[in-house]
Every structure is written in structure tokens, then in C-alpha cells.
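Here is a short briefing on helix packing, aromatic contacts and backbone angles. Keep the structure open while you read.

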Amino acid sequence: MDRVKSSIQQVPNPIPKVLSRRAGGANSLELEKENFERSQAVSINKAINTQEVAVKEKHARTCILGTHHEKGAHTFWAAVNRLPLSSNAVLCWKFCHVFHKLLRDGHPNVIKDSVRNKADLTDMSRMWGHLSEGYGKLCSIYLKLLITKMEFHIKNPRFPGNLQMSNRQLEEAGENDVNNFFQLTVEMFDYLECELNLFLGVFSSLDMSRSVSVTAAGQCRLAPLIQVILDSSHLYDYTVKLLFKLHSCLPADTLQGHRDRFQEQFKKLKSLFYRSSNLQYFKRLIQIPQLPENPPNFLRASALSEHISPVVVIPAEASSPESEHVVETDDLVDTDIPPLATAVESRFDDLFGTSAATDPFNFNSQNGMRKDDKDRLIEQLTAELQALKEELESFRLESGRLCQALRGRVSELEAELAEQTHLKQQALGECEFLKAELDDLRRVKEDTEKEQRSLTEIEKKAQANEQRYTKLKEKYTELVQSHADLLRKNAEVTRQMTVVRAAQDEVETVKREMLEKVKAAQENASQQEKIQTEQLQALQADLTASRTELETLKASMASSQKSGEELSTQVAALEMEKAGLVERVAQKDTELAGLGEELERLQSSLTSERESGVKAAETLQNQLNEKESREQALESELEALRWTTLRAAVEEGEKIVQDCLAQLEDPTHISCTSSADYLISRCQAAVESVDRLQSAGDGFVSNNTDVSELVRAVAQFAHLVGDTIVQGSATAHMVPVDQADALTSSVKACGSEALVLLGGLKDQGSLGTVESSGLKTALEGVLATAEKLRPRGLELQQGELGDLVEQEMAATSAAVESAAARIEEMLNKSRAVDTGIKMEVNERILASCTELMQAIKVLVLSSKDLQKDIVEGGRGAATIKEFYAKNSRWTEGLISASKAVGWGATMMVDAADLVVQGKGKFEELMVCSHEIAASTAQLVAASKVKADKDSGNLARLQQASRGVTQATAGVVASTKSGKSQIEETDTMDFSSMTLTQIKRQEMDSQVRVLELETWLQKERERLGELRKKHYELAGAAEGWGEEGEGTG
């Protein structure tokens, strides 16, 4: 048997080999494809899983070799599409890592086969982008990078996936066109920007203060950065070379944006390379290059020779897929003979020896072969073939079963996907509805703000017109006054002219008199001359007649000569007097001419002043008329705007009420519940809002200049009535059916009456005749129904509430009295111990504290009186304790406010005691004063909630509240003044200090300032937390949380 077996091994018979190939050749390709797909699926599932560890290099290497084997990525995407990448962030992250490796080191057709999945990758990136931390945000950034990489290689097919190119190939990529180089540089910038974003995202997600690079989770996040470092080094090198190329062709100003963007990316890349080189994880896998200290100077062409291309070195012992890829891919051989044929041949060689496989035509050893041996060999091979067929059939059955199971799983996943799609559509519909509603609200808000701004502008214009009118009125008054002054001046000038004319008439009278006198003297002289002439003639006649009277004649001649001389003297005097009178007349004429000129000038100035006054008066009258017309136009526009605003507010109120009525029919509103007490409070507030709306409407009808009160009343009315409707429906969900139906019908009637009332407010004619009696009746019906639904049996608690109110008010009065006594005692002690400024400050502070205590005492007494009025007026037939229990919220507010006032008075006295003793801080006293003011304001607010507006005790309470506010301000002012006086006594003398001492003191002061700033920030945060906790405790104590029932 051994001899036969050896002979079989020695004889190289080609017949079995042919039979083997004929039997297995039909299914070899299909079997090979199944084996290849199975191995690829196993490697892909091992590489891309949910474990937070780095991808193993051997699995990624198998995926890369698979792409070279099938010359594409169809198998890879077929396996990836079955993975739930959208539901697990770690799975998606590891997919991005493996896909990045395939894009770099896989077959060139990987990019073309992957582009068809670009839309799915974009949707997945947008989906993961909704997460703000963890792997979700990183997956979104990584997917954007991969999409950018595919787009870059599709636009620039000359660039291989690993970006390794020579300078000549880089030149050919631009096709010697400066526009192509320009666009290529921009695309490289975008590509590098995505790489840097992933770098920064990974580093920001890690706690770099710890050794994260040695943990599995840290290595899972850092592993993809090796691919990013490889891409970034090439992109940086090509960007530098392209920028030098562009600067040699284009002006420097044109490339300013390129240089700025390169500077920014250079700083980021240098920092990231430096941080990466210090991580322990990268030290054993990759040698990261260091960029130069300063970026290249592109304005200097010779700087290109100084540029050193960064080279990333991957050590051989690191077994990185990048280094192994160079060896593996070079050894790949494209052959048409499937690998399974080689395996079958190797199996045949194992059976029949290598000689038969290597030399099938060697017949030297066939002589010893017998026929029966061939038959046995054929039977053996036939049996083996049958076994292989049975095994193949079992494999087919198993694969059919697996296919059936996978089809069922696919059906389940498709159903789940359809359900998720339906839910997504519903969510999108709800989102669109909410967006539309939000847009409507924003639009309404913008319209309201625009109307408010226009109303404000109109008011500003009206104020400006009023100011302009006031200025014009003042100018008109000044012109009237100047006109009156000119009239008075005209009267004075007229009076002066009258005096001048009278003087002129007097001068003319004197002149006429002088002329008459001269004329009379001349006539007298001529008469005398005639008389003398006649006498001489008579004497001459008598001379011849009588010589005897010669002596007498001589004597008479001498006398006549004397009288002639006297007459000559008189004539000369008269001539001189005439010359003086003529001179005086000329002088008077000159003066009269000057007065006439002045009169003409005054008359012309008066005329011009009159004309200018008339023109100014006409201008002012025209401006006044224009202002009146503008005021009328503005008034009409303002009135129209008021009605527009009122109609808009009424329409919004109608929408609110209609929306609340629509909620009654909404099935989702069934889960909302409320209490009868809360419904009563809402209903009472709605009744009060109806009264306010009625009074505001009457006020607007009587005086339509102010619409703000009516708009506020409409808004409050709509919200309160709508809240009453919603809370009534919510309360109906908690009561029996018959009571629920009655309550629901009541709130519906209330909503209908409210819509009728609001509809009447929109019409200008029916505004004054709007009646609210129907709405009040409906609200009273809701209130009566709610009263029936209130729980009973709280007698013991009612008594406790009533007694507690009296106890807390008494305790507050006692605390205030005790505080006042302690302040008086401290004042006496301070006067006995302190002196000077300190005694003055203490007296002033304690005196202001005493005034504050007196004001608080008056406030507490006024509050008690007002509470008595409220209880007496509101309890009706019930007792006082029942009234307090019925209004438990209000009662609890009074109790809380009384406690706060008493506690604040005690704390202020303690703070004042410490300040007087010199152990306290003035700030504590001021804070206590502010706390007391707030507590008293709370007490006043709690007291006046149910008070009558016309109550005298309410007026006294408000007066007492103002007294407390003034006293609080006095305490704060006296405290600040005392603090400043005491601080002024501590003078700072640095005259005896040296330079070193002053520097030391300066440093100590800076340290103190920093410490105080830190302490101040911490104290502010502590104060915020304390206030937040105070509000929570106060809300829990006073039942604020119950309001959630009303809105639920």
C-alpha cells in the first residue's frame, strides 16, 4: 500500500488535475467573492465597533488591501451601510478614522465610489452637530473634513489621496494659469482649516492636565490625528510654494487676504504640532516636524530658498499602516486567475507531488502506473468531490438561513426606520408650527415696538413743537415789548418836536419884534432927518432974513449937531444890535435844521421799526397758524394711532381668549389639573380686571388723550379672563361629571361674554355704551361653582391661622419697642464714654436709628388698623378667624412680612451696637436698613392687597411707609457721613518712608486689592445663591409652588 501511494505521488498524471479544475472552476469565482466579502466584513466589523479604543492597524490594513483587490470601495460601503452610525457616536468616530485611511491609502477609485454617499455623510454631520460636547461634536467636525477632502480630490484629480506630489506635478496641477493657482490656494486653505478644526476639537475635548494619551479612551480620540498630521504637513508645504508662485505673478495688495489667512493658520498649526509632539502616544508612532519660528516672508522672493518642507517620519517599529502600505500595495499584482485556483493547485500538489504541478508533461514515471490505481484514485476524488458538494450545500443552506435572518432583521430595521421617519416628520411639523407661532409672536412684538416707537417719536415731536411754540411765544412777547418801547420813544420824540416847534415859533416872534423895532427906529431916524432938513432950510431962509439972530442960530446949529451925533450913535448901536440879532437868528436856524434832520432820522427809524415789527408779527402769526395746523394734524394722527393701538390690543385680547377657549377642546389639556382655591383667586382677579376695564373705558371716553391705561387694562383683562377659563377647565378635570359640566359651561359663557365685551371696545361709537354686567354674572357663576368645590373641615387650622396673625403682629410690635429701648440705652452709654467726633457720629447714627424705629412703630400700628378694616369689611357673617383661614395666602403673607420686620429691627439694633462699640462695620448697618425698608414694603404690600382704595387707614399706612423710607435714607446718610468723618481722621503720611518702603507698601496694597476683588466676587456669588435659596424657602413656606397647579 505504501508502494502504491509512493507510486501515485511519483507519477505526474494531469488527468486528476483537469477533473479537479473542471469540478471546482464553475464556483471558484463565486466562492472567492464570498470568502473575500466575508473576510472584509469581519475586518470592518472588528475595526469599526463601539469599544472606545483605537482602531487596530491590522484590521484597517485589511480594509485598505480589500479596496486594492476589488479596485474600489463597494464592499466597504455595503458593510458600513449596515452599521448604526447615527445611533452611536464612538462607532461613527471609528468609521471616520477607517474611512480617512481608505481615502489616503486605498485604491484611487475609493474617492469616486464614496462621492455617491456624500449626502448621507452631510446629513449625519448635521445630525451630530446638534450635540455640543463628546464624540458627537467631534464626529460632526470629522465628517465635514472628510466631505471637504472628497470635494478637493474631485475638483483636483491630479492630487492623490495621500497628497504626495513632486514640485513638477504641483506645477502641472495649476496648468500654468495664475487663476487656477489662486483658486487652488483658496481650496487648500479651506481644506487645512477643516484639519485644524478637528485638531482643536480633539484637544479641547481632552483634559490635557492628565496623561490622557496613555488611556484607551484618549488613544481612541488621538489616533485619527496621525492622518491629520500627514495631510496638514503636505498642505502647509504646498500652500507656501503656491503663495510664492502667486506673489511672483500678482501684486502684493491683491494677496493681502491670502497672507492674513496663512498667518492665522500658521500660528494654529505650529501650536498644534508642538502640543502633539509632547504627547507620549505620538512619540512612539510618528515624528512630528517643527515649523519655523516665523512664517515665510512672501514679499521677498529669495525667502523661498529658505523654506524647508516639513517631513513626517513614521518609525519602522511603529507598524503604522502608512509605512506598510508602500510595501503592500507595490506587491499587488493584477491577474485574471482567481486566487482560489492557486489554492486548488497547491492542494493538488500536496496530493500528487510538486513534480506533477511543475512539469505536467513529464512521462518518465508513468510506466509503473496501473489501471486499478487510476480507478481507485478516480473513486477517491469522486468521493471527495461529493463531500465537497455536500459541504457546499450545507454552506448554501447556512447562508440561506443567514440571509433569511438578515432579511428579517432588515425588515425590522426598515420598520423601525419608517417609524423613526414618521416621528421625525411629526417633530418637524411641530417644529415648523412652533417656528411659525414664534415668528407670529415676534412679528406682533415688533409691530407693538414699532407702534410704541412711533408713539414715542410723535410725543417727542409734540414736545419739540411745544418747546418751539414756547420759544416763539417768548420771541413774540419780546417783539411786543420792543414795539411798545418804540411807541414810547416815538411819543417822546413827538413831544420834543413840539417843544422845538414852540421854540422856533418863539424865535420867529422875537425876530418879527426885532424887525419891527429896527423898522420903527429907521422911520424915527428918517423923520428926525426930515425935521432937521426942514429946520436947516428954515434957518438958511431965516439967515438971509435976519443976521441978528446969527448967534442964536449958531447956538442952535451946535445943538443940532450934537443931537445929530447922538442920533448917529443911536443908529450905530441899533446896527450892532441888529447884527447880533441876525447872528442869533442864524444860530437858531442852524439848531432848527439839526433838529429837523434828527426828527427825519427818528421818523425814518420809527417807520422801519414799525415795518419790521409788523413783518415780525405777521411771521409769528403765520408760524403760529402753521403750528396750530400741525398740532391739529398731529392730534388727529395721534388719535388715529391711539385707536389703532387700542384695536391691536383688543384683537390680541380676543386671540388670547379664543386660544383659551380652544384649549377646552384640546385632548392634550385633559392632563392639566388645578384647585378650587386657585380658581377662586383667578376669578376674583378677573372680576377686578373687569371693573378696571370699565373705569378705563369710561376715562378714555371722557378724555381720549391717554390710551395707555385702557391698553393695560385690556391686556390684564384678557390674560386674567383667559387664565380663569383655562384654570376652570383644569379644575373641572378633578371634580365629578355633573359639576365638571356645570363649571365648563360657566367658563365657556364667561369666554363668550368676554369676546362680546372686547368686540364692543373695537368700535369707536359703541365704546361708551359697553356693558360688563353679563361678564360679571358669568364670572360670579364660576366663582359660586368654585366655592362649592372648596374642601371643608379646616376649623382647627382656621383658629391657628387667626391666632398666629395676632401673635406675629404683637411680636413685631414688641420687637420694635425692644429695639427702640436698646437704641436709647446705647445712646446714653455712648454719651458717657465717647468724646469728640466718635461721640458725634454715634449720636447721629443712633438718633437716625431711633427715628427709623419710631417710623416702623407707626407703620405697624397703621397696618393693624388697616387689617381691622379689611377683616370687618370682607368677612361678612363669618368670624375673624374664618376670614383669615379663607384668605390663607394673604394671611401667610402678613405673617411672613411681620416676621421679617421684627427680625430686621433686631438685626439693625445688633449692628448699631457693634458699630458704636467700634467692632462692627458701617456697611452692615446700611444693609440692615435696606432690609428693614424691604420688609416694611412687603408688609405694606401684603396689607394693601385687599384694602379699599379710598380707605383712610390705607392712606395713613402709605404715609407711614414713606416715613419709613425717609428714615431708612436718614440712617444710610448718617452712616455714610459718619464713616467718611472717621476715615478722614486716619490721614496717610508717607513723608518719612524710603523708596524701598513705599515700593513694598505699594506691592502689599496691590496684593490686598487683588484679594479684596476675589473676595468681592465670591461674596457676590454667595449673595446670589443665598437670595436664590431664600426665594425657594419663602416660596415653599408661602405656597408659591401651588401656582404651578393653575398653569399645569
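Start in the loop between helix H3 (57–70) and helix H4 (74–80), where Lys71 is found. The model is predicted. Lys71 is not a glycine, yet its phi is positive, near 55°. Lys71 counts as partly exposed, at 39% relative accessibility.

**Another positive phi**

- Glu175 lies in the loop between helix H9 (167–173) and H10.
- Phi of Glu175 is positive at about 55°, although Glu175 is not a glycine.
- Glu175 is exposed, because its relative accessible area of 53% is over the 50% cut-off.

**Aromatic pairs**

- The structure holds 18 aromatic pairs.
- One of them joins Phe152 and Tyr191, with 5.3 Å centre to centre and 45° between the planes. This pair is tilted.
- Phe152 sits in helix H8 (residues 134–155) and Tyr191 in helix H10 (residues 178–205). The two are 39 residues apart, and their pair links distant parts of the chain.
- Both Phe152 and Tyr191 are buried.
- Phe199 and Phe203 also pair: their ring centres are 5.6 Å apart and their planes stand at 40°, so the pair is tilted.
- Helix H10 holds both Phe199 and Phe203. They are four residues apart, about one turn of the helix.
- Phe199 is buried, and Phe203 is buried too.

**Aromatic cluster and a charge over a ring**

- One aromatic cluster is formed by Tyr236, Phe244, Phe262, Phe266 and Phe298.
- Which residue lies over the face of Tyr135? That residue is Arg221, at 4.5 Å from the ring centre.

**Packing of H20 and H21**

- Helix H20 (residues 676–702) packs with helix H21 (residues 708–732). The angle is about 155°, and the axes are 8 Å apart.
- H20 and H21 are therefore roughly antiparallel to each other, since the angle of about 155° is over the cut-off of 145 degrees.
- Is the crossing of H20 and H21 left-handed or right-handed? The crossing is left-handed.
- By class, the contact of H20 with H21 has 16 nonpolar residues, seven polar and five charged.

Note on methods
Residues are numbered from 1 along each chain as its sequence is written. This is a predicted model: local features need pLDDT of at least 70, side-chain atom pairs count only at pLDDT 80 or more; totals for chains, interfaces and linings use all residues. Side-chain values use heavy atoms; hydrogens and water are left out. Axes are lines fitted to C-alpha atoms, for helices over the stretch in contact, and angles run from 0 to 180 degrees between N-to-C directions. Angles under 35 degrees count as roughly parallel, over 145 as roughly antiparallel, 65 to 115 as roughly perpendicular and the rest as oblique. A crossing is left-handed if the near helix is turned anticlockwise from the far one by less than a right angle, and right-handed if clockwise. Ala, Val, Leu, Ile, Met, Phe, Trp, Tyr, Cys and Pro count as nonpolar, Asp, Glu, Lys and Arg as charged, and the others, Gly among them, as polar. Rings of Phe, Tyr and Trp (its six-membered ring) pair if their centres lie within 6.5 Å; planes under 30 degrees apart count as stacked, over 60 as edge-to-face and the rest as tilted. Buried means under 20% relative accessible area, exposed over 50%, partly exposed in between (1.4 Å probe, protein chains only). A charge sits over a ring if NZ of Lys or CZ of Arg is within 6 Å of the ring centre and within 35 degrees of the ring normal.
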